[in-house]
Amino acid sequence: MSLSILGTGSALPSRAVANEEFTRIVDTSDEWIVSRTGIRSRRVITGETLTELAAAAGRSALQNAGAAADELDLILCTTIQGDYITPSLANLLQRDLGADCPAFDINAACCGFLYGLDAAQAYLAAGKARRVLLVSAEQMSKFTDWTDRATCILFGDGAAAVVLGPGEALQYIRVRSMGCTDSLHIPAPARATPFSDRERETGPSFLYMHGQNVFKFAVSSCAEGIRRALDALNLTADDIAHFLLHQANGRILDAVRRELGQPKEKFPGNLDRTGNISSASIPCLLDEMNRQGRLKPGRRLLLGAFGSGLATGTCVLAWGKE
């Protein structure tokens with residue numbers, strides 16, 4: 001037994017921030033940002049909370065699946081950090097949805113959605129759950145150094161969700177971790193204690209990224225993961241209807257597409273409107289395509305992600321949402 005996607009949902013903050021607004025913050029321009037990233041706008045949390053966005057995405061997915069919160073056997077949330085260090089975002093989501101089931105968070109950064117699918121499949125296969133709500137929700141704006149023009153232009157906030165149940169849609173999944181902090185990390189806030197044997201500086205926990213290293217890793221790991229998946233299923237890239245890749249950077253997506261020799265229309269995207277919303281980027285795009293009727297039953301989708309960890313993930317599934 002693998003799983004099937006029964007419904008999708010998403011929720012974005014109301015505040016859109018266009019590239020032009022960054023010209024008042026850092027030395028940049030709309031042309032510079034678009035040419036290097038493909039991003040024109042992104043959504044940033046202002047009046048909402050991440051918990052509220054996650055709940056809205058979850059409710060939307062449940063409605064799309066024709067399911068109720070009291071039918072859920074498990075809630076999984078993928079996030080770098082919710083509104084609290086503890087309790088988890090998943091626990092607050094369980095409360096707000098009125099569900100009565102276990103709930104916990106997964107932190108696999110931009111690969112979180114695929115790690116969540118892998119965990120959900122294990123619960124379903126073991127018979128420990130028949131309805132799983134998987135929500136990916138990220139507030140990257142609170143980890144952004146707004147004085148660093150190389151990174152502050154990249155990220156956005158948002159949430160997306162899927163309702164999962166038993167089925168045979170998931171044909172392949174592989175997640176991988178390669179521990180490394182050199183290229184991409186967010187340091188934990190330092191706290192002085194009277195028992196520490198060394199001085200620790202206190203300061204904000206901004207995201208650090210070595211852009212060139214991340215670019216090389218993203219292209220090579222994503223392409224390798226796709227080839228491995230296709231080989232395992234005895235498929236070629238031509239057998240995939242859509243490649244839904246983590247929406248990190250337009251140049252990365254184009255480089256992977258060229259390596260596979262596939263047309264641009266098979267690589268849908270919303271990066272230009274959402275920016276990089278970490279683990280929420282793939283399910284947000286999935287929901288968008290589902291709502292637009294662009295996903296046809298039985299057609300194969302390949303999902304691929306890469307990010308801090310360093311972590312990677314690839315899966316192939318046949319779309320089964322009627």
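1. Three elements, β11 (242–245), α6 and α7 (271–274), each supply at least two residues of the lining of the second largest pocket. Helices (H or I, at least four residues) and strands (E, at least two) are DSSP runs, numbered from the N terminus. The model is predicted: local features need pLDDT of at least 70, side-chain atom pairs count only at pLDDT 80 or more, and totals for chains, interfaces and linings use all residues. Residues are numbered from 1 along each chain as its sequence is written, and side-chain values use heavy atoms, with hydrogens and water left out.

2. The second largest pocket holds about 300 Å³ of space. It is lined by 16 residues. Leu253, Asp254, Lys264, Phe267 and Gly269 lie nearest its centre. α6 gives the most to this lining, with four residues. By class, the lining of the second largest pocket has six nonpolar, six polar and four charged residues. Here Ala, Val, Leu, Ile, Met, Phe, Trp, Tyr, Cys and Pro count as nonpolar, Asp, Glu, Lys and Arg as charged, and the others, Gly among them, as polar.

3. How is a pocket found? On a 1 Å grid over the protein atoms alone, a pocket is an open set of points where a 1.4 Å probe fits, with protein on both sides within 12 Å along at least five of seven lines. Lining residues have an atom within 4 Å of a point. Grid points are joined across faces, edges and corners, and a volume is the space filled by probe spheres set on the points.

4. The largest pocket has a volume of about 870 Å³. Its lining counts 45 residues, and Leu154, Phe155, Leu184, Leu207 and Met209 lie nearest the centre. Two or more lining residues come from each of α1 (30–37), β9 (184–185), α5 (211–232), α6 (250–260) and β12 (300–307). α5 gives the most, with four residues. The lining of the largest pocket has 26 nonpolar, 16 polar and three charged residues.

5. The structure holds three aromatic pairs. Rings of Phe, Tyr and Trp (its six-membered ring) pair if their centres lie within 6.5 Å; planes under 30 degrees apart count as stacked, over 60 as edge-to-face and the rest as tilted. Phe104 and Tyr123 form a tilted pair, 6.4 Å centre to centre with 40° between the planes. Phe104 is in strand β5 (residues 103–106) and Tyr123 in helix α4 (residues 112–125), 19 residues apart.

6. Why is the pair of Phe243 and Phe267 stacked? The ring centres of Phe243 and Phe267 are 4.7 Å apart and the planes are at 10°, so the pair is stacked. Phe243 lies in strand β11 and Phe267 in the loop between α6 and α7, so the pair ties together parts that are 24 residues apart in sequence. Both Phe243 and Phe267 are buried (under 20% relative accessible area, with exposed over 50% and partly exposed in between; 1.4 Å probe, protein chains only).

7. Eight of the eight residues of strand β6 (residues 132–139) are buried, so β6 is largely enclosed by the rest of the structure. Val132, Leu134, Ser136 and Glu138 point one way from β6, and Leu133, Val135, Ala137 and Gln139 the other way.

8. Strands pair if DSSP finds at least two bridges between them. Strand β4 (residues 74–78) runs parallel to β6, joined by five bridges. Cys77 stands opposite Val135 in β6. Strand β7 (residues 157–165) pairs with β6 in the antiparallel sense over eight bridges. In β7, Ala161 is the bridge partner of Val135.
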